[in-house]
Amino acid sequence: MKESLKNITPFENKIWLASPTMHGDEQKWVDDAIATNWVSTVGANINEVERLTAEKTGREYAVALSSGTAALHLAVKLCAEELYGKPAAGHGALEGKKVFCSDMTFDATVNPVAYEGGEAVYIDTEYDTWNMDPEALEKAFEIYPDVKLIVLAHLYGTPAKMDEIKAVAKKHGALIVEDAAESFGASYKDVQTGCFGDVSVISFNGNKIITGSSGGMLITDSKAHADKARKWSTQSREAAQWYQHEEIGYNYRMSNIVAGVVRGQMPYLEEHIAQKKAIWERYEKGLSGLPVKMNPWDRENSSPNFWLSCMIIDESALAPMVRGEQDYLYSSEPGKSSPHEILDAIASINAEGRPIWKPMHMQPIYRMNAFITKQGSGRGQSNAYIAGSVTDAGADIFRRGLCLPSDNKMTPEQQDRIIDIIHRCFK
Ligand SMILES: *Cc1c(COP(=O)(O)O)cnc(C)c1O
């Protein structure tokens, strides 16, 4: 361990990566649900959070669901049935079909493709916003011209290059499922994320910009899609007196208790974004003398929600580090550092950072799936950086980047101590 990292007093209370921030109104709406006995998957809180979500994003319909993942599943299924028709078995709507997916994201973005029997083809990441690379997407259509569905995420609350991606999708007649799970409240050219997909998704998981403890929202401008999502999420009951089923159903509806928490959080979305933005800016300023950069965004065209602050180490200042499937090893060098040295240093003062999302094409579960970069197939190139030539942006950002403690309850003084620890890593 570096001398500069020894004997530092840890925080008494842990500084989290991103934890829930309650304001009091949440309790009121939860109490209201209980007092009125609406303790179910129907009730006023659900209706209200649907209305507020549609209003905030500017979309016609919002359907409250049990999680962002459930919303993604139904979003993928809606688009798949629109493209390929209803599967005879009731499930497997993407059987035998390829789908272009964001590569550097949480696996919840892409697992629903597999739930429906589809095969994700991973699209490499660009360096300007750390999202799906439109050039790699165009390349993928050259290689797989029959693909008709794109699943795209806005990473860490930073909008993707939507004009370029929409243009590629339009050219090839593809639908978009937009995973705005992390980016609620972020906008691109003054349009809220959540408006760029044929069907889009928001998450209210515990660590997101606002939360219900869990929960998600499917948003769309199509009444048919919204009606279908409501039906599927409540076990696909037909309009008979008895339980009549003509389609496969799911138990995916949001609880009215969870919706009470979301309802209480809604008025604080902008406040949380302002706090997260201030944290991002304080890191940018505090780290400015170091050979690192903050996670990038399009300052002209977009307003991220700054859900997580991240940084990436310049190649020239990267100390040796290797990762196995579950463990890691690094060596300390003067003037240099590595993501795990910094994460260990942050952990040593009782704060929480995290590696960048490990790209899907590097995940054992998806090792057989195709991966497309600007140059074509990215398979066999993921380790190219070992030889010093980086052809795969996702692997490169994963290798050099990390997420910093981004909790909106962190004080400027606490953040300064985290910034100081990062400086010490480069001593
Ligand atoms: C959190 C998250 C999800 C899943 O949302 P849940 O509500 O946790 O199911 C999906 N995609 C991304 C990018 C996420 O960060």
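Which backbone nitrogen does the side chain of Asn-256 reach? The backbone nitrogen of Ile-46, at 3.2 Å. Keep in mind as you look around that this is a predicted model.

## Asn-256 and its helix

You'll find Asn-256 in helix H8, which covers residues 256-265. Is Asn-256 buried or exposed? Asn-256 counts as buried, because its relative accessibility is 2% and the cut-off for buried is under 20%.

## Around the ligand

Now over to the ligand, which sits in the second largest pocket. There are 15 residues around the ligand, and the ones that come nearest are Thr-69, Asp-179, Glu-182, Ser-203 and Lys-208. Sorted by class, the shell has four nonpolar, eight polar and three charged residues.

An N or O atom in the side chain of Thr-69 is 2.5 Å from a ligand oxygen. For Gly-68 it's a backbone N or O atom that lies 2.7 Å from an oxygen atom of the ligand. Glu-182 uses its side chain, where an N or O atom is 2.6 Å from a ligand oxygen. How much of the ligand's surface does the protein bury? Taken alone, the ligand exposes 380 Å², and the protein buries 93% of that.

## Two residues with positive phi

Time for some backbone geometry. Most residues other than glycine have a negative phi. Tyr-156 has a positive one, near 55°. Tyr-156 lies in the loop between strand S4 (149-153) and helix H6 (162-171), and with a relative accessible area of 1% Tyr-156 is buried.

Ser-236 also has a positive phi, near 50°. Where is Ser-236 placed? Look in the loop between H7 and H8. Ser-236 comes out at 0% relative accessibility, so Ser-236 counts as buried.

## Arg-230 in helix H7

Last stop: Arg-230, found in helix H7 (residues 223-233). Why does Arg-230 count as partly exposed? Because its relative accessibility is 28%, and partly exposed is the class between buried, under 20%, and exposed, over 50%.

If you want a sense of distance, pick Arg-230 and Phe-306, which are 76 residues apart along the chain. Their C-alpha atoms are separated by 31 Å.

Notes: Residues are numbered from 1 along each chain as its sequence is written. This is a predicted model: local features need pLDDT of at least 70, side-chain atom pairs count only at pLDDT 80 or more; totals for chains, interfaces and linings use all residues. Side-chain values use heavy atoms; hydrogens and water are left out. A residue is near a molecule or strand if one of its heavy atoms lies within 4 Å of it. A polar contact is a pair of N or O atoms within 3.5 Å; within protein, one must be able to donate a hydrogen and the other to accept it, and residues adjacent in sequence count only if both atoms are side-chain atoms. Accessible areas come from the Shrake-Rupley method with a 1.4 Å probe; for residues, only the protein chains shown count as cover. On a 1 Å grid over the protein atoms alone, a cavity is a set of points where a 1.4 Å probe fits but cannot get out, and a pocket is an open set with protein on both sides within 12 Å along at least five of seven lines; lining residues have an atom within 4 Å of a point. A molecule sits in a cavity or pocket if more than half of its atoms lie within 2 Å of its grid points. Ala, Val, Leu, Ile, Met, Phe, Trp, Tyr, Cys and Pro count as nonpolar, Asp, Glu, Lys and Arg as charged, and the others, Gly among them, as polar. Helices (H or I, at least four residues) and strands (E, at least two) are DSSP runs, numbered from the N terminus. Buried means under 20% relative accessible area, exposed over 50%, partly exposed in between (1.4 Å probe, protein chains only).
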